[in-house]
There are 2 protein chains.
Amino acid sequence: MSVTVADPHRILVVDDEPNIVDVIAMALRFQGFAVESAADGQSAIAAVDAFRPQLIVLDVMLPDMDGFEVARRLGAANGAPPIIFLTARDAPEDKVRGLTIGGDDYMTKPFSLEELVARIRNILRRTGLEAPHSNVLVFEDLQLDEDAHEVTRAGEPVELTSTEYRLLRYFLLNPRRALTRDQILDHVWEYDFGGDGRVLETYVSYLRKKLGREGPQLIQTVRGVGYALRAPRP
Amino acid sequence: MSVTVADPHRILVVDDEPNIVDVIAMALRFQGFAVESAADGQSAIAAVDAFRPQLIVLDVMLPDMDGFEVARRLGAANGAPPIIFLTARDAPEDKVRGLTIGGDDYMTKPFSLEELVARIRNILRRTGLEAPHSNVLVFEDLQLDEDAHEVTRAGEPVELTSTEYRLLRYFLLNPRRALTRDQILDHVWEYDFGGDGRVLETYVSYLRKKLGREGPQLIQTVRGVGYALRAPRP
DNA sequence: GCTTCTTCTCAGAAATCTCACAGGTTCCTG
DNA sequence: CAGGAACCTGTGAGATTTCTGAGAAGAAGC
């Protein structure tokens, strides 16, 4: 994972649930972003002034005003930073329509942190703040095309479900690194996943099967820790 | 989606509803245009003087004078920019008819942003401000002619309704890419569409049927994500 | 004003996913 | 080498997603 050391991008996270803010802020800091937070519309607007974020992660439901109001007051039209709105899953969709065609985007809660990061990088790339890169992740003979949402091994297409895809993508973003179970669960599953952590084993098993039993086993078990994507020693 | 970097065209958006202006301005900026806005006729005329837009998106209903009045006053001076009028759906259309014979055009609210952008590019092309390009989108044996508004599959004409056409056009603009449900709804449906997102499934079903069940299925389901236009795996 | 076309909602069926569970296997440690 | 811990993977139930036909409401055309 590449971490920008020189000049980290500033991101403002606005949500009135401290738990959510914490978990998002933590994840983004780990990704090398500079993060500030606010718990309501007023302080969000103040924070934009003071902190000059390049991007805002903004909950739609705030105690004092809704997220769209915040966006309007920031002068959505004029040089304001792009916004990723967070909405409840069952929220009415009419107000968020049309956001993705503008510079903005939105996600429904709960989401996986990987996805939030992916969208943030997407927007930063679109706005020219981050260097564009190919959207194909590669490791050995494994390829994952993020645009087409397609995976191939040795040129052969591999059909993955959505969870399998997210899991493999996380491995490909962190090649050769031993990832702990908790890391993986935190990043790939939704942040409020409360189920049995052993799903992970099941999904690793699915992936191994689908990626082919013949070729070398790319997803290796690191006993007592978790898993790592790496080529086996010959 | 091509973004003009070198010398962006200037577009003035005039509407008294801030929400509308915001969403249009955002979308056009994202497309690489330079955008200014005005909320009434007076400031619109002033803005034309100061900003020298190459095109105006002008609401017909303004607080101080109607859009035609604005157009008339601007027209007095020669070489006024072409105008796209925005009218309410239930407005009398007689006044707007005949506009398309000049350089102007009109759209009824609400509209899809894709369509507004398409019309803007059309006008800029007609007035020689934007490089002409082929208006035929092609993917495999599928062809969509934007001028003639005609679609053929393997040479056979396919009769599409307007929504089906917009949907297919969006797929053809983003071949091989996995498009999320939200993306598609945002781009193809009107900006205030708040209905059931399952229309999309219905329309995909229509398209698949009309494009022929025999040939390979070009619109593929990407489970948990949305759809993609791509040749099926052999 | 009547007919036809279009758009959208709805609902049931089919397809597919996710996750928990449990028995078996592998690995480590003493 | 025994015992225990960690891990693997098949099975299946319940939930979710997707497909498609039918029909209501509205718009457009005649």
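**Close-up 1. Helices α5(B) and α7(B) sit roughly perpendicular to each other (an angle of 65 to 115 degrees).** In this predicted model, the axes of α5 (residues 162–173) and α7 (residues 199–210) of chain B come within 10 Å and cross at roughly 85°. Here an axis is a line fitted to C-alpha atoms over the stretch in contact, and angles between N-to-C directions run from 0 to 180 degrees. Helices are DSSP runs (H or I, at least four residues), numbered from the N terminus. On the α5(B) side, B:Thr163, B:Glu164, B:Leu167 and B:Leu168 make the contact, meaning C-beta atoms, placed from the backbone, within 7 Å. Their partners on α7(B) are B:Tyr203, B:Tyr206, B:Leu207 and B:Lys210.

**Close-up 2. Chain B meets chain A.** Here 30 residues of chain B touch 20 of chain A. On the chain B side, α1 (18–30) gives the most, with nine residues. Overall, that side holds 15 nonpolar, six polar and nine charged residues.

**Close-up 3. DNA strand C has protein residues around it.** There are 24 of them, and the closest include A:Asp196, B:Thr161 and B:Gly195; "near" means a C-beta atom, placed from the backbone, within 6 Å. Helices α5 and α7 of both chain A and chain B each give two or more residues. The surface has five nonpolar, 11 polar and eight charged residues.

**Notes.** Residues count from 1 along each chain as its sequence is written, while chains are lettered from A and ligands numbered from 1 in the order written. In this predicted model, local features need pLDDT of at least 70 and side-chain atom pairs 80 or more, but totals for chains, interfaces and linings use all residues.

Key:
Angles under 35 degrees count as roughly parallel, over 145 as roughly antiparallel, 65 to 115 as roughly perpendicular and the rest as oblique. Two residues are in contact if their C-beta atoms, placed from the backbone, lie within 7 Å. Ala, Val, Leu, Ile, Met, Phe, Trp, Tyr, Cys and Pro count as nonpolar, Asp, Glu, Lys and Arg as charged, and the others, Gly among them, as polar.
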